[in-house]
Amino acid sequence: MKQLFKKLGIIHLLGVIILIVLLFNSFLLARTMGHVQLPGEMSSIDIAREGARMSISLNEQLARDVDVFETSAVREVIAQFKYEVDRASTVEDIVTLVTDYSIKVQGVITREQESKRRDAVLSLISQDTKLPTYRGEDVISVWKGEDGVRIVDPTTLLTDETKEELFEHPLLQGPSWSLIEIAVKDGQATLMTSRSMLDKIRILEDDKSNLERTLKQVKSQAGYSDINGTGIIVEMYDSEVGFSSIDIVHDRDVRDVVNELFAAGARGVSVGGQRLITTSSIRCAGPIILVNQKPIAVDPIVIKAVGDAEVLQSSLELIRRELKEFGIGIEVTIEESITLPAYSE
């Protein structure tokens with residue numbers, strides 16, 4: 001008998017060990033999928049935001065290294081970068097911002113660097129001692145190729161000292177840069193083209209990227225593109241007792257929940273898999289509930305909302321208590337990642 005109890009004890013112990021292993025594996029799987037976080041652990045969006053701030057710091061350092069950080073254009077674009085990252089509400093938005101703004105910031109840095117380079121060339125040529133006495137017209141070309149700074153001075157207007165300064169000026173060192181043309185007329189030097197065609201193309205590309213990003217945000221907010229982020233899943237159940245009209249979820253109950261979610265700052269809401277837009281309708285047609293004129297599954301009616309999960313959850317407390325009196329149940333689950341589909345007709 002003792003051996004039997006001993007054997008049963010060993011089997012029980014093995015069962016407990018197996019259970020612990022299964023629970024541990026489940027925990028690891030949930031951690032890997034991002035469903036479980038340890039106390040004090042950063043969320044995925046916090047990690048993404050921290051990475052974006054590191055990208056901003058690197059861009060700031062790049063601007064300082066080439067001595068353009070103090071220019072208004074660079075400071076403005078970096079400030080806009082910081083603002084957009086701080087207000088972004090999803091990891092996807094932050095990744096898009098880092099990609100777009102890194103290109104944009106570096107483009108602005110390059111343009112400001114080229115602007116300072118043009119100003120330096122113009123200043124050096126304007127200070128040439130032979131310039132005030134020159135009468136006539138000339139065009140002096142300066143650029144940097146693989147073999148160094150090149151100067152084309154058709155009338156040998158520039159002194160050797162000016163040419164040496166052009167060769168050695170700090171702003172004119174580094175990688176190759178495009179042609180700068182200085183027009184000289186009767187002792188006055190002027191920059192022929194303040195912006196090259198390449199500059200104009202870059203500006204147009206920046207404008208295009210900004211418009212595309214804005215369009216994507218507008219489409220997402222309006223419901224015409226997918227949206228992903230933290231949020232909640234709401235399930236509305238008919239009463240378990242009774243079969244009268246007051247014991248089932250009606251269209252007005254769904255509308256009340258949806259209105260509360262939007263009032264609480266939801267960035268997007270879907271009902272029964274149908275994304276809601278400004279012209280969406282939620283109505284009963286006999287025992288069927290139609291959303292966007294399409295029937296949806298009921299008992300439960302599933303509502304998904306993307307936004308601040310805790311705020312969205314708390315916004316439904318009053319409705320939950322009111323509907324509970326009629327036996328109608330509302331269950332709310334907080335989700336780290338929810339994807340809402342785009343509206344489709």
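Analyst: Axes here are lines fitted to C-alpha atoms, and angles run from 0 to 180 degrees between N-to-C directions. This is a predicted model. In it, helix α2 (residues 44-65) and α3 pack at about 175 degrees, their axes 10 Å apart.

User: Why are α2 and α3 called roughly antiparallel?

Analyst: Angles over 145 degrees count as roughly antiparallel. The α2 and α3 angle is about 175 degrees. Therefore α2 and α3 are roughly antiparallel to each other.

User: What makes up the contact of α2 with α3?

Analyst: From α2 come R49, A52, R53, S55, I56, N59, E60 and A63. They meet V74, I78, F81, K82, V85, D86 and R87 in α3. The residues of this contact divide into seven nonpolar, two polar and six charged.

User: How do you know which way α3 runs against α4?

Analyst: The axes of α3 (residues 72-87) and α4 (residues 91-126) cross at roughly 170 degrees and come within 9 Å. The cut-off for roughly antiparallel is over 145 degrees. So α3 is roughly antiparallel to α4. On the α3 side, the contact includes A73, V77 and F81. On the α4 side, L97, Y101 and V108 are among the residues. The contact of α3 with α4 divides into 12 nonpolar, two polar and three charged residues.

User: Why is T159 called buried?

Analyst: Buried means under 20% relative accessible area. T159 has 12%, so T159 is buried. T159 lies in the loop between β2 (148-152) and α5 (160-168). Leaving aside neighbours within four places in sequence, T159 is in contact with D128, T129 and K130.

User: What makes the T159 and T162 pair a polar contact?

Analyst: A polar contact needs a pair of N or O atoms within 3.5 Å, one able to donate a hydrogen and the other to accept it. The side chains of T159 and T162 are joined by such a contact, at 3.1 Å.

User: Which residues touch the most other members of the largest nonpolar core?

Analyst: M236, V254, L261, V271 and I303 do, out of 27 residues in that core. The largest share, four residues, comes from α7. Elements giving two or more residues include β5 (227-237), α7 (251-263) and β11 (301-306). Not counting residues up to four places away in sequence, I303 touches M236, V254, L261 and V271, among others.

User: Which residues belong to the second core?

Analyst: The second core is separate and has 19 residues, including A52, V77, Y101 and V108. A52 is also one of the α2 residues that meet α3. V77 of α3 and both Y101 and V108 of α4 take part in the contact of α3 with α4.

Notes: Residues numbered from 1 in each chain as written. Predicted model: local features only at pLDDT ≥ 70, side-chain atom pairs only at ≥ 80, totals over all residues. Heavy atoms only, no water. Parallel < 35°, antiparallel > 145°, perpendicular 65-115°, else oblique. Contact = heavy atoms within 4.5 Å. Nonpolar A, V, L, I, M, F, W, Y, C, P; charged D, E, K, R; others polar. Core = buried A, V, L, I, M, F, W, Y, C linked by side-chain atoms within 4.5 Å. Buried < 20%, exposed > 50% of the residue type's maximum accessible area, 1.4 Å probe, protein only.
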